[in-house]
Amino acid sequence: MMAAGDVLGSWAFYAGWAFMIAGCGFFATAALGLLRFPDLYSRLHAVTKTDTLGLGLLTLGLALLDPSWRSCLMLLLIWLLVMASGAVNCQLLARYNLEQEEEDNHRVS
Amino acid sequence: MIWLASLILLTALAGIWRMTHAATIADRLLGLQVLSTTGIAFLLLLAQWQSNAVWRDVALVLALLAAVITVALVQMLRKRS
């Protein structure tokens, strides 16, 4: 019983750390895309997707490291909120920028 | 844990740079979104690192505010234009 618990604990520990490192790697990719991509749409693409997936992996790793009901539900709620707001913000910003560009084109021509 | 947290803070610095050195306001809002997401991630790491669950509540409040702020600002800009 004790040995099974230990094995499970170490498995969850290593898996949690692997997920957390992968999530932070995705955050670093988001920073790279934010600094290096040429226009707003590709930057939006980089940032929203990698932020959603990176934070998802990070919360999964933290939930494996601290498997109590309260913290798991809290992490799930935060991840769902960030995912929903990221998708909505991406659409809003892209549409707003497109409208502005069209207005500018009309003004020039 | 401290290395992961500093990597996330470097990403937040990239977001701040994008906020201050941007041509359009949509770019600035994108930087703000990166800053809020990395802030949430840093607070979650801090909660595990210091084993203090209060930071998780702070991250939840930040997630709620970050969900609202871009929608509110884009609505305001659309009304103005």
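Guide: Welcome! In this predicted model, local features need pLDDT of at least 70 and side-chain atom pairs count only at pLDDT 80 or more, while totals for chains, interfaces and linings use all residues. Residues are numbered from 1 along each chain as its sequence is written, and chains are lettered from A and ligands numbered from 1 in the order in which they are written.

Visitor: What makes up the secondary structure of chain A?

Guide: Chain A has three helices and zero strands, in the order α-α-α from the N terminus on. Here helices (H or I, at least four residues) and strands (E, at least two) are DSSP runs, numbered from the N terminus.

Visitor: Why is chain A called more spread out than a compact globule?

Guide: Its radius of gyration is 20 Å, well over the 13 Å that the globule rule gives for 109 residues, so chain A is more spread out than a compact globule. The radius is taken over C-alpha atoms, and the rule is 2.2 Å times the number of residues to the power 0.38. Along its principal axes, the C-alpha trace of chain A spans about 75 × 25 × 10 Å.

Visitor: How do you know whether Asp39(A) is buried or exposed?

Guide: We count C-beta atoms, placed from the backbone: a residue is buried if 20 or more others lie within 10 Å of its own, exposed if 12 or fewer, and partly exposed in between. Asp39(A) has 9 C-beta neighbours inside 10 Å, so it counts as exposed. You will find Asp39(A) in the loop between H1 and H2 of chain A. Its C-alpha atom is separated by 38 Å from that of Ser71(A), 32 residues apart along the chain. Across chain A, buried residues make up 34% of the 109 residues.

Visitor: And chain B, what is it built from?

Guide: Chain B also comes to three helices and zero strands, and its elements run α-α-α from the N terminus on. Its C-alpha trace spans about 50 × 25 × 10 Å along the principal axes, and 38% of its 81 residues are buried.

Visitor: What makes Ser51(B) exposed?

Guide: Ser51(B) has 8 other C-beta atoms within 10 Å, so it falls in the exposed class. Ser51(B) sits in the loop between H2 and helix H3 (54–80) of chain B. Its phi is near 40°, a positive value in a residue other than glycine.

Visitor: Why are H1(B) and H2(B) called roughly antiparallel?

Guide: Helix H1 (residues 2–20) of chain B packs against H2(B) at an angle of about 165°, with their axes 8 Å apart. Axes are lines fitted to C-alpha atoms, for helices over the stretch in contact, and angles run from 0 to 180 degrees between N-to-C directions. Angles under 35 degrees count as roughly parallel, over 145 as roughly antiparallel, 65 to 115 as roughly perpendicular and the rest as oblique. H1(B) and H2(B) are therefore roughly antiparallel to each other.

Visitor: Then how do you know how H2(A) and H2(B) are arranged?

Guide: H2(A) and H2(B) pack at an angle of about 10°, with their axes 11 Å apart. They are therefore roughly parallel to each other. Among the residues making this contact are Leu44(A) and Val47(A) of H2(A), and Leu30(B) and Val34(B) of H2(B).

Visitor: What counts as a contact between the chains, and how many residues does each chain give?

Guide: Two residues are in contact if their C-beta atoms, placed from the backbone, lie within 7 Å. The contact takes 35 residues from chain A and 34 residues from chain B. On the side of chain A that touches chain B, the largest share, 15 residues, comes from H3(A). By class, that side has 27 nonpolar, five polar and three charged residues. Ala, Val, Leu, Ile, Met, Phe, Trp, Tyr, Cys and Pro count as nonpolar, Asp, Glu, Lys and Arg as charged, and the others, Gly among them, as polar.
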